[in-house]
Structure formats: C-alpha cells, structure tokens
Amino acid sequence: MSKLILPAISVLAILWGPAFAANQNWNITEEGVSGIKAAQGTWSVNTDADKITGTANLQLGNGNPLTYKISGSVKDSTYTIEMSDRTDGKKGCVWNGHVPTGADKSHGLIGQAVCEGKVKLIIRAGF
C-alpha cells in the first residue's frame, strides 16, 4: 500500500505545482524624483499567474518604519502595482515598473510611482 501512496503524492504535486503562487522577497529603494533616498526595505511578493499581492516593510530615512500593502499585475514585462494603506500617509500610489534599459529581469526593475497630490517616487526593486 505504501508503495502506491508515495508515487501518487508525487504525481499530484507535479500536477498541482504550477497552480501554487510563487513567493519572493524583493529589495526595494524608494527615492524622491530628485534622487534623495526616502526608504529602503523589502516587498514580500506573492505571484499567481499575472496577479501580484504582498506587503512592504521598509525603513524611512529618519529611521521610522514604513509599511503598506501591494497588489497589481504584470503584462509584457511591465509591472503595475498599487500601494495601499501606507503608514506615511501617501495615498493613491501606483508604480509602473519595468526592466532597466540594457538589463534583464534577473537583476531587477525600476519605475516611477505617482501618488495623489502629484507626489512622485522612483522605486527600484532587486531580486
């Protein structure tokens, strides 16, 4: 009986494996458009097909923590991520990230986030 169970479990794991979401930690740097670092930390990212969800845990330049939720999608190597419930009070922030010119996705992404009030941030994500 046990000789049949292990192969059956292995087959199920192979068949269901792609359906499970992938989890990664991305190293994140947020900067003002002037180039001044605003925060550094990580995004805990869950990807399921083209959907992205997760949380951010960063530290502001003054040492205070910055947390928020992320959700969005990826299409044609362009990431669109909404950042909600930011503890720094920024609202309506949406990041459009892409592979830097002349690089590949294995090194990370860069893009601009635009928030309400025309606040703009440059966000770099490294894997």
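These legends walk through several views of one predicted protein model.

**View 1**
Helices (H or I, at least four residues) and strands (E, at least two) are DSSP runs, numbered from the N terminus. Of the 127 residues in the chain, 26% are buried; buried means under 20% relative accessible area, exposed over 50%, and partly exposed in between, with a 1.4 Å probe and protein chains only. The chain exposes about 8,100 Å², and carbon and sulfur atoms supply 57% of that area. Accessible areas come from the Shrake-Rupley method with a 1.4 Å probe, and for residues only the protein chains shown count as cover.

**View 2. The largest nonpolar core holds 22 residues.**
A nonpolar core is a set of buried Ala, Val, Leu, Ile, Met, Phe, Trp, Tyr and Cys residues joined through side-chain atoms within 4.5 Å. Look for Trp26, Trp43, Leu58, Tyr68, Met83, Trp95 and Ile123, the residues with the most contacts inside this core. At least two core residues come from each of β1 (22-32), β2 (37-48), β3 (51-60), β4 (65-75), β5 (78-84), β6 (93-98), β7 (109-115) and β8 (119-126).

**View 3. A close-up of methionine 83 and its contacts.**
Contact means heavy atoms within 4.5 Å. Leaving aside neighbours within four places in sequence, methionine 83 touches Glu30, Trp43, Tyr68, Lys69, Ile70, Cys93, Val94, Trp95, Ala113 and Ile123.

**View 4. Cysteine 93 and cysteine 115 form a disulfide.**
A disulfide is a pair of cysteine sulfur atoms within 2.5 Å, and by this rule the count is one. Here the two sulfur atoms lie 2.0 Å apart. The pair links distant parts of the chain, with cysteine 93 in strand β6 and cysteine 115 in strand β7, 22 residues apart. The link is right-handed, with 110° about the S-S bond. Both cysteines are buried.

**View 5. Serine 34 sits in the loop between β1 and β2.**
Is serine 34 buried or exposed? Serine 34 is exposed, because its relative accessible area is 61%. The C-alpha atoms of serine 34 and lysine 120 are 9.7 Å apart, while the two residues are separated by 86 residues along the chain.

**Notes on the views.**
Residues are numbered from 1 along each chain as its sequence is written, and side-chain values use heavy atoms, leaving out hydrogens and water. In this predicted model, local features need pLDDT of at least 70 and side-chain atom pairs count only at pLDDT 80 or more, while totals for chains, interfaces and linings use all residues.
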